[in-house]
Amino acid sequence: MFEKRLYSLNGEGKKYIRLNVLVQWGGLLAEIAVIYAAALTLDALYSGLSGGFLAFFAIMTATGTMFVRYFCVRGSFRCGFLSAMKTREVLHSRLSLKADAEKEERQKATENAERMEKYCSEYLPQLYYAPLAAVTVTVAACFVCWKAALLLPAAAGLYLIAVIPNEKLTRKTRDVLICAAYLCVALGIVVCLLELKNHNAHIYGCLMVIMLTGELLRPLRLLEKSRPAAEEGRKACDAFFTFLEKEEGGEKAR
Amino acid sequence: MKTVGKLLKMCKPLESRMRVQVLLSAMEHLFSLMIPVLAGYAILQIIGHRKNLSLTAFCIAAVLCCISLPVLRKAGQKYTMEIRSGTEDILRVNMENMADGKRDSHILRLKGFFDEAVSPFCAAVLHAIAALILIGRYNLLTALLALSSYLVLGAVLPMLAASRSRSVREESRDSEENTEEDTDEYEQTELIEGEVSARSKAASELLAVLFSVMLVIAVILLYRQGVLNYEGSLITVLTFMCSFEPLLVLTGAADILMDVLDAAEEISGTQEKTDE
């Protein structure tokens, strides 16, 4: 699932990866607050609650979440940058010990190090964040419509299995799994509508589930997008560590 | 615009595939928007505001839209790969006089110009038009508010971000020419360029929330005055709040477009020197 050798080597970088996940999660909580405010407003409009109260509630929630999201996006970039720098430091320090190696091999090892940097800064935070986002969205949906919420982790699970690099899965199987994930999301929305029809859910609950499905799928799509970086990163890791071990083996033989 | 036009003219043999790719991308965004809108209409049917429409039909349509999304994305990716490899072949032929290393570096920067820069803009425009039609059906004021937000998020902010990013890149290039190679300087430059990009994306997110709250307040006021009915309020808010994704991506696309323009300028500069 992820490159353990690189992860264990990358002492300080791990801290920034975790911070990146935490910051993105903060942004997600802010987004859920906005969705809640909008859904509650629309429900209250239908029920006939006071317009002044609604406007005040919408403004206060949105003002708070606006700045939270702004700082979360900037924080996420910073953490990604810092984890890439820490990874670079560690890998270059290892490379500097192999100054005697052939120029071409060192060049290849440097290129592999760049791919491993990208793996740590782009792929790993998304790999940890996507399941956390799925759990958070499910918990938020549980409060409003638990029957529909049960389908969301199924969707997230199927998508994660399809997206995480795995040589045993063919392309067709991945496509089928992704379609099944989207089907689970669609069924979640349908279940929510049926619960509303049977008076087991409120309008705001239904609206929340509908808008939360977008927040469930977004990190999974980003993880899918960073899959090429993951595959290249893993191959680069294998080549890099083989290079280090080969040079160590050569030195021992001498 | 001239440079993009020149690149598109160069890639004329791929025109039909480019059109299909943009259409597939726009359809993916549109279907993604239709899911909450159809669900909104289903809610209206349940609460009795739209009795003439069938709940089953809405549910089936929403499910079909959901399943179509990965299919459309897959088809779009297939055309993207064809366009990229076709663009690479065309660029290789047009840059055959260039040194290998430089040519490969330019091809790497230019081959994704369509699917990473041009296509997102085209798809976002089509998506915005569809959202405006949905919102404009109920009230012109909310449609105007939506239009201004789409213009700010989809055009103004990406252009500002891209020009700021370009000036930072030019400054760093000037300072690299004047000073010796220094790893710390290079990292500092990387950090500054990345911060500019992150600030733009963060500003887009902030403005998206701001425009959402402005629209919600407008909807509340119009509803209380009786100008907008509940159906209009619900569909307007749902459509608007679920329509930002293709626009938020454009800040990154504008960065890539600037990089493409830089590469294209370098190529035409090199070709002029060769001609002399």
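In which helices of chain A is confidence lowest and highest? In this predicted model, the lowest confidence in chain A falls in helix α1 (residues 4-9), at a mean of 72, and the highest in helix α6 (residues 151-163), at 93. Confidence here is pLDDT, the predictor's value for each residue from 0 to 100; helices are DSSP runs of H or I with at least four residues, strands are runs of E with at least two, and both are numbered from the N terminus.

**Conventions**
- Residues are numbered from 1 along each chain as its sequence is written, and chains are lettered from A in the order in which they are written.
- Local features need pLDDT of at least 70 and side-chain atom pairs 80 or more, while totals for chains, interfaces and linings use all residues; side-chain values use heavy atoms, without hydrogens and water.

**Confidence**
- Chain A has a mean pLDDT of 86, with 93% of its residues at 70 or more.

**Chain B**
- Chain B holds ten helices and zero strands.
- Its C-alpha atoms fill a box of roughly 75 × 40 × 30 Å along the principal axes.
- B:L126, in helix α5 (residues 113-136) of chain B, counts as partly exposed because its relative accessibility is 40%.

**Interface**
- Contact (heavy atoms within 4.5 Å) involves 48 residues from chain B and 49 residues from chain A.
- Six salt bridges link chain B and chain A, each a side-chain nitrogen of Lys or Arg within 4 Å of a carboxyl oxygen of Asp or Glu.
- A:R69 forms a salt bridge with B:E205, with the closest N and O atoms 2.3 Å apart.

How values were computed:
Buried means under 20% relative accessible area, exposed over 50%, partly exposed in between (1.4 Å probe, protein chains only).
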